[in-house]
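Student: I want to go through the labels on this model and test each against its cut-off. Where do we start?

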Amino acid sequence: QVQLVESGGDLVQAGGSLRLSCAASRSIFSINAMGWYRQAPGGQRELVARITRGGSTNYADSVKGRFTISRDNAKNTVYLQMNSLKPEDTAVYYCNAVLFIGREVDDYWGQGTQVTVSS
């Protein structure tokens with residue numbers, strides 16, 4: 001199992017920046033993939049960015065060029081640097097970890113952190 005704790009959400013003006021952090025309770029070397037998802041009011045949870053154990057990354061089209069996912073293996077922490085924020089980025093952001101255990105795929109989620117972008 002893994003516990004995830006997000007931090008860094010805040011209220012920011014459009015055009016501003018925020019960095020979200022996700023601290024894992026175990027070595028992230030052992031986690032197959034970690035990612036950030038978001039859910040706006042009335043909307044579905046959607047993938048924002050993901051990084052695999054091998055370091056490959058992928059991003060939602062809406063955030064490409066503005067957001068960057070990275071990790072600090074020594075701190076067991078994954079980050080989401082968000083620049084040029086827009087009001088449509090307003091959502092609760094959730095950290096996700098995926099573990100492959102044999103043939104099973106286990107998903108773990110943090111509690112979420114609120115990001116609000118004012119226009």
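Tutor: Start with accessibility. Buried means under 20% relative accessible area, exposed means over 50%, and partly exposed is in between (1.4 Å probe, protein chains only). The model is predicted, so local features need pLDDT of at least 70 and side-chain atom pairs pLDDT 80 or more, while totals for chains, interfaces and linings use all residues. Residues are numbered from 1 along each chain as its sequence is written, and side-chain values use heavy atoms, with hydrogens and water left out.

Student: Why is S84 called partly exposed?

Tutor: Its relative accessible area is 40%.

Student: Where does S84 lie, and what is its phi?

Tutor: S84 lies in the loop between β8 and β9 (91-101). Strands (E, at least two residues) and helices (H or I, at least four) are DSSP runs, numbered from the N terminus. Phi of S84 is positive, about 50 degrees, although the residue is not a glycine. N76 also has a positive phi, near 55 degrees, and is a residue other than glycine. N76 lies in the loop between β7 (67-72) and β8 (77-82).

Student: What makes G54 exposed?

Tutor: Its relative accessible area is 73%. The limit for exposed is passed, so the label holds. G54 is in the loop between β5 and β6 (57-59). From G54 to S25 it is 29 residues in sequence and 19 Å in space, C-alpha to C-alpha.

Student: How do you know that the rings of Y37 and W109 are edge-to-face?

Tutor: Rings of Phe, Tyr and Trp (its six-membered ring) pair if their centres lie within 6.5 Å; planes under 30 degrees apart count as stacked, over 60 as edge-to-face and the rest as tilted. The structure holds one aromatic pair. The centres of Y37 and W109 are 5.0 Å apart and the planes stand at 70 degrees, so this pair is edge-to-face.

Student: Which parts does the pair tie together?

Tutor: Y37 is in strand β4 (residues 33-39) and W109 in strand β10 (residues 104-109), so the pair ties together parts 72 residues apart in sequence.

Student: Are Y37 and W109 buried or partly exposed?

Tutor: Y37 has a relative accessible area of 15%, so Y37 is buried. W109 has 36%, so W109 is partly exposed.

Student: How do you know that R45 lies over the face of W109?

Tutor: A charge sits over a ring if NZ of Lys or CZ of Arg is within 6 Å of the ring centre and within 35 degrees of the ring normal. R45 lies over the face of W109, at 4.6 Å from the ring centre. R19 lies over the face of Y79, at 4.2 Å from the ring centre.

Student: What does Q39 touch?

Tutor: Contact means heavy atoms within 4.5 Å. Not counting residues up to four places away in sequence, Q39 touches Q44, R45, A91, V92 and Y94. Q39 is in strand β4 and is partly exposed, at 27%. Between Q39 and Y94 there are 55 residues in sequence and 8.1 Å in space, C-alpha to C-alpha.

Student: Which residues line the largest cavity?

Tutor: I28, I31, M34, I51, T52, R53, R71 and V78. Ala, Val, Leu, Ile, Met, Phe, Trp, Tyr, Cys and Pro count as nonpolar, Asp, Glu, Lys and Arg as charged, and the others, Gly among them, as polar. The lining divides into five nonpolar, one polar and two charged residues.

Methods
On a 1 Å grid over the protein atoms alone, a cavity is a set of points where a 1.4 Å probe fits but cannot get out, and a pocket is an open set with protein on both sides within 12 Å along at least five of seven lines; lining residues have an atom within 4 Å of a point.
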